Amino acid sequence: MTESTELHPEDRKIVTLARSARARNGVPEGAAVRDETGRTYVAGTVSLDSLQLSALRTAVAMAVASGARSLEAAAVVTTADHLPPEDRSAVSDLGGPTTPIHLATPDGTVHETLTTAEDSPAGA
């Protein structure tokens with residue numbers, strides 16, 4: 001488990017961006033990812049009759065559509081206590097199995113940092 005005060009400033013930034021996307025759009029989740037050049041992509045949950053995407057999968061899709069070749073980190077702000085396997089897979093597909101995913105509560109507190117290379121939270 002990683003507390004939010006222990007985050008690198010660039011990781012704190014993507015948590016803040018994810019938090020503001022969630023609040024601004026009034027959606028269940030906000031997410032942000034940082035690519036290999038330091039660019040960030042921010043998204044909220046997509047919930048249409050014909051399209052359902054989590055905030056994290058949407059942010060990864062935005063990065064891919066913008067030409068990102070890899071991810072350095074991801075953050076999700078949600079009330080859920082875990083991420084679906086599809087979210088972790090999307091990050092792994094672009095960033096690799098060791099890309100950190102910071103899972104934060106709506107107040108921005110990171111309660112878990114995980115990767116797709118493990119079955120449990122980092123540091124557990």
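1. The side chain of R88 reaches the backbone oxygen of T115 at 2.5 Å. This is a polar contact (a pair of N or O atoms within 3.5 Å; within protein, one must be able to donate a hydrogen and the other to accept it, and residues adjacent in sequence count only if both atoms are side-chain atoms). R88 sits in helix α3, residues 85-95. At 17% relative accessibility, R88 is buried. Buried means under 20% relative accessible area, exposed over 50%, and partly exposed in between, with a 1.4 Å probe and protein chains only.

2. A word on the basis. The model is predicted, so local features need pLDDT of at least 70 and side-chain atom pairs count only at pLDDT 80 or more, while totals for chains, interfaces and linings use all residues. Residues are numbered from 1 along each chain as its sequence is written, and side-chain values use heavy atoms, leaving out hydrogens and water.

3. The whole structure holds five salt bridges. The term stands for a side-chain nitrogen of Lys or Arg within 4 Å of a carboxyl oxygen of Asp or Glu. Helices (H or I, at least four residues) and strands (E, at least two) are DSSP runs, numbered from the N terminus. Both partners are buried: D11 has 11% relative accessibility, and R34 has a relative accessible area of 8%.

4. R34 has another partner. E72 forms a salt bridge with R34, and their closest N and O atoms are 2.8 Å apart. E72 lies in strand β5 (residues 71-77) and R34 in strand β1, so the pair links parts that are 38 residues apart in sequence. E72 is partly exposed, with a relative accessible area of 37%.

5. A further salt bridge joins the side chains of D35 and R39, at 2.9 Å from N to O. R39 is partly exposed, at 38%. Elsewhere, shared partners join D11, R34 and E72 into one network of salt bridges.
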